[in-house]
Amino acid sequence: MRILTLPAAALIALAAAQANAQTTLTVYTAFEADDLQRFKEAFEASNPDIEIEWVRDSTGIITARLLAERDNPQADVVWGLAATSLLLMDSEGMLEAYAPAGLERLDPRFRDEADPPAWVGLDAWIAAICVNTVEAERHGLPMPASWEDLTDPVYENHVAMPNPNSSGTGFLDVSSWLQMFGEEGGWDYMDRLHQNIRYYTHSGSKPCRDAGRGEVSIGISFAFRGARSIAEGAPLELVLASEGVGWDMEAAAIVAGTDFQEEAERLMDFAISDEAMREYNVGYAVLAVPELAQPVEHYPENALEAMIDSDFLWAATNRERILSEWQERYDSKSEPQN
Amino acid sequence: MATVEAAYGAGATAPAKPIKSKLSRDDYSMRGLIVVIIVYLAFALILPLALVLTKSVQTYHFTLDQVEVEFFRDGAWVERATLADWVERSDYEVNHGLRASERTREQPAQIIPRGARQDIEQFRLRDLSPEKGLILHAGDLSDSDAWIEVDRREFARVQIRPARSYGLGNFDHYFATPALRVSIVNSLTIALITTGIVIPLAFAYAYGLTRTLMPLRPVFKTIAMVPILVPSLLPAIGLVYLFGNQGILTPLLMGESIYGPIGIVMASAFFAFPHAVLILLVALSVTDARLYEAATALRASPLRTFLTVTLPGARYGLISAFFVVFTLVITDFGVPKVVGGQYNVLALDIYRQVIGQQNFQMGAVVSMILLVPAIVAFTVDRMVTRRQVALLSARAVPYQPKPHRQRDLTFLGICSVVGLFILGILLMCQLAAVFQFWPYDLSLSLRNFAFNQMDGGGWASYGNSIRMALYTAFIGTFLIFFGAYLVEKGNGFTKGRSIFQLFAMMPMAVPGMVLGLAYIFFFNDPANPFNFLYGTMAILVICTITHLYTVSHLTAATALKQMDPEFEAVAASLKQPFWRTFSRVSMPVCLPAMSEIWIYLFVNAMTTVSAVVFLYSPSTTLASVAVLNMDDAGDIAPAAAMGMMIFYTNAGVRILHHIFANRVLGRTQAWRMR
């Protein structure tokens, strides 16, 4: 018996070693990993008594995780998750409404309309097409200008796109096509696009990174990642489709039932502060406080005009249905495409 | 009793029949300990899995006839009707005709056409269902049949949840949907082809290592273990670099794509190979030389000797290896995740259903289907075990191969080809990790090792992985070996031992993804007294030990089976308690097997992805999960770099282990040599 209690004792000792001195906020996020450290440092510099512990994953995964933990939430704050996901959480009663300082500066599109708002927007991330110029030349591909162009058979097997089930970028693509082309036209468009897709990826960044290293010629991704990849040396050109591009905003909210309400509110105040906006602006050109926005290197200039009039509530409430339908149509393809 | 009966049946020397009354105290403590380990496995495996089973039979459908709506018009509530009536009146298609899942919601504002409620400013709804909870308004569920009043604006936000019931509807749907069903065929195809390739190769390889005097045997043994040192994602990443769109060997595929069955089979064969070799090495390394002396004396041809002595001797190992490889491949999701393309397999379906669709019920259905191979494996294993003969009887003479130039060269050739394939994939990953920007900028750089700038938790996850692997290896080895000893060498108590065997076999076929999710359901429930484990390192260790239980158990059991039960009988006749036999005879004799289990647990804890991908917390991110997350984000070169870090760590530990094996085992196993 003595030997058998060893593992149990060791496990309990392990579990007990979780004590902490200063306040640690568990923050769930879908911010791009390359930005996390910067955001954390910026916040902790002005709030030295609070430490941020990130849990980062793709939008779909973090959303799934938050919903799976509905009855026993682990997160204190959600900072940097798609507004459509936060709308979903809000309807499940998982968010604590709070009006952060400086709320009045926000573009009205970038906040929950309730008062106080359940969530606030931070910046917009917008769909973009990443084209590898080296590969396009090698395969003799013309530069696409619109979503419609991508269905041209010349691009067969040259296009990668994120799976909307896991990727927030994939979902905003699909929901924007359904909003722009109508329910029927949208599915018809995706049927035709599907013929040219080489593979669907898990994350929204991957199509652009894969295009960057020539694994595919064209990646349907988002402008931030495209601009960042170009800066890293990828031979890419960014295209904003002429029909208009889907977008979603990165948003922040307090998770209901947190033990650290006061600290969570301070993080929310920071999340829409001028300082935070400048941090977002390093990668994102469109901000919740429009007058602070500065142009971003390699970022498409006409981003604001290209953004469609997105109906987030529609997207959130129909999310489940759109995803099932998408999965039924495209995800269960039996044969690989060659 | 199985082993004893087998020894009798095969005509081996009959052991002294145990005298029950003298042994009873020993028997009781062994039974007690068996029960303790069974309880551990019940909490770490069976109960969480039972929750998955429950989920698989949960079905959801909208019971709109249970929700009543009224309009406030001219100072009175009028037009009472259920939503089902409205559906009929407005010809509305509920949920666009799709099956409802737990997360599906309907909206009264969609069901009741705008035209019918143009002038209405106040609405009220009520929930008539006996279970309640159908109406979701402002984050609150309806908990009685009281009216809920809302204004026009709020009405648009009211949602209706589907009602839950239990039945086989999910399974019906699964088998009625060809797009889902096809994964079964795909998975079986991949697993069978891979097993068909791996088993003969692994057997030849293990034979070369144990039964020939080919040169460089220690080197080849090390090379064979290399794939075990890396996460299954890494060979897949290597294949993308070798055979992808920009790959250097892509022309070899003759136009076929690496994304699909070809890639899955190649990468699966790579990661499953050492598991087969490990089992076959144990099976082939213990044999009775007297059988070969007899064969030579009877002038049997080498082929005949092989067919009548070698193969039957390794039969148990072969069958174990077959099921281990088959189930490893069919339950792996790392490989199809990276190179699967649009070729769907069961393990990845679980991932997609659960993670993507958040459809836990359908994920549970696929998991249940994946459990079928485990039941088959268990049944066959039991049948074979009954016929197993103890090879290392008290009088056995260890086998020592004699020089044979042609044979040795043949096996050197086979092993070299396999070895080159293994090292080639690894080399490619190493190159990809140190190039600045493959394939456009081939200058050397350490950029890809700046993990703190990327997904997956950075360098901290690397440290966590090492801690987790050490805990898993030390706690796991002892627990698993001791358990195997109790179940193999105990007397009677067939019921308890059968349950134990069943429990010990199950983890192999339980996809890590399912185990991880089962753990969330089980441990994240605030009502569970073990809730405090959630989000800790401990849960990762428990999950990993449980996930890796089967192969370790089989390795221990195979080694123990080859020990004559006479050892126990003699000890019993000398009135020695079982723990003395265990610590003085079984453990020392099986020290090679135990040290193999330790290293197996360590390296697999370093490389496991699926089991822990849902369980890590911010303070316990892991290196292997970081590989997955970085690949997911398209940071494939840093993913390769982190994979190589895992490799170097595991290789370092493996070398230390090798030194340990040479020193300590050399001393304790000297009796095997003549």
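Helix α3(A) is mostly covered, with seven of its ten residues buried. This is a predicted model, and its overall scores are ipTM 0.78 and pTM 0.82.

- The buried residues of α3(A) are A:Thr59, A:Gly60, A:Ile61, A:Ile62, A:Thr63, A:Ala64 and A:Leu66.
- Chain A has a domain 1, made of 22-124 + 248-298, and a domain 2, made of 126-246 + 311-331.
- Between the C-alpha centres of these two domains of chain A there are 26 Å.
- Where they touch, domain 1 of chain A brings 19 residues and domain 2 of chain A brings 18.
- On the domain 1 side of that contact in chain A, α3 (59-68) and α4 (83-91) are the elements that give two or more residues.
- Helix α4(A) provides the largest share of this side, with four residues.
- Sorted by class, the domain 1 side holds ten nonpolar, six polar and three charged residues.

**A closer look at A:Gly212**

- You will find A:Gly212 in helix α7 of chain A, which covers residues 206-212.
- Is A:Gly212 buried or exposed? A:Gly212 counts as buried because 27 C-beta neighbours lie inside 10 Å, and the cut-off for a buried residue is 20 or more.
- Leaving aside residues up to four places away in sequence, A:Gly212 touches A:Asn132, A:Ser229, A:Ala234 and A:Leu236.
- A:Val131 is 81 residues from A:Gly212 along the chain, yet their C-alpha atoms are separated by 8.0 Å.

**Chain B as a whole**

- Chain B contains 27 helices and eleven strands.
- The C-alpha trace of chain B spans about 110 × 75 × 45 Å along its principal axes.
- Of the 674 residues in chain B, 52% are buried.
- If you take the contacts in chain B between residues at least 6 apart in sequence, 80% of them join residues at least 24 apart.
- The average pLDDT of chain B is 85, and 93% of its residues score at least 70.
- Please note residues 1-14 of chain B, where the pLDDT is below 50. In the model this stretch has 24 contacts beyond near neighbours in sequence.

**Domains of chain B**

- Chain B is divided into domain 1 (64-165) and domain 2 (173-446).
- The C-alpha centres of these two domains of chain B are 56 Å apart.
- Their contact joins four residues of domain 1 of chain B to five residues of domain 2 of chain B.
- The domain 1 side of this contact in chain B has no nonpolar residues, one polar residue and three charged ones.

**Two crossing helices in chain B**

- Two packed helices are described by the angle between their axes and the distance between the axes.
- For α6 (residues 169-176) and α15 (residues 360-370) of chain B, the axes come within 10 Å and cross at roughly 70°.
- Angles of 65 to 115 degrees count as roughly perpendicular, so that is how α6(B) and α15(B) are placed relative to each other.
- Which residues meet where α6(B) and α15(B) touch? B:Asn170, B:Phe171 and B:Tyr174 of α6(B) meet B:Gln361, B:Met362 and B:Val365 of α15(B).
- This contact is made of four nonpolar residues and two polar ones, with no charged residue.

**Where chain B meets chain A**

- The contact between the chains joins 62 residues of chain B to 61 residues of chain A.
- On the chain B side, α2 (20-56), α7 (178-211), α14 (346-356), α18 (458-489) and α21 (537-547) each supply at least two residues.
- Helix α21(B) gives the largest share of that side, four residues.
- By class, the side of chain B that touches chain A has 29 nonpolar, 24 polar and nine charged residues.
- Helix α21(B) is also mostly covered, as eleven of its eleven residues are buried.
- Among the buried residues of α21(B) are B:Met537, B:Ile539, B:Cys543 and B:His547.

How values were computed. Residues are numbered from 1 along each chain as its sequence is written. Chains are lettered from A and ligands numbered from 1 in the order in which they are written. This is a predicted model: local features need pLDDT of at least 70, side-chain atom pairs count only at pLDDT 80 or more; totals for chains, interfaces and linings use all residues. Two residues are in contact if their C-beta atoms, placed from the backbone, lie within 7 Å. Ala, Val, Leu, Ile, Met, Phe, Trp, Tyr, Cys and Pro count as nonpolar, Asp, Glu, Lys and Arg as charged, and the others, Gly among them, as polar. A residue is buried if 20 or more other C-beta atoms lie within 10 Å of its own, exposed if 12 or fewer, and partly exposed in between; C-beta atoms are placed from the backbone. Domain bounds come from an automatic or database domain assignment. Axes are lines fitted to C-alpha atoms, for helices over the stretch in contact, and angles run from 0 to 180 degrees between N-to-C directions. Angles under 35 degrees count as roughly parallel, over 145 as roughly antiparallel, 65 to 115 as roughly perpendicular and the rest as oblique. pLDDT is the predictor's confidence in each residue, from 0 to 100.
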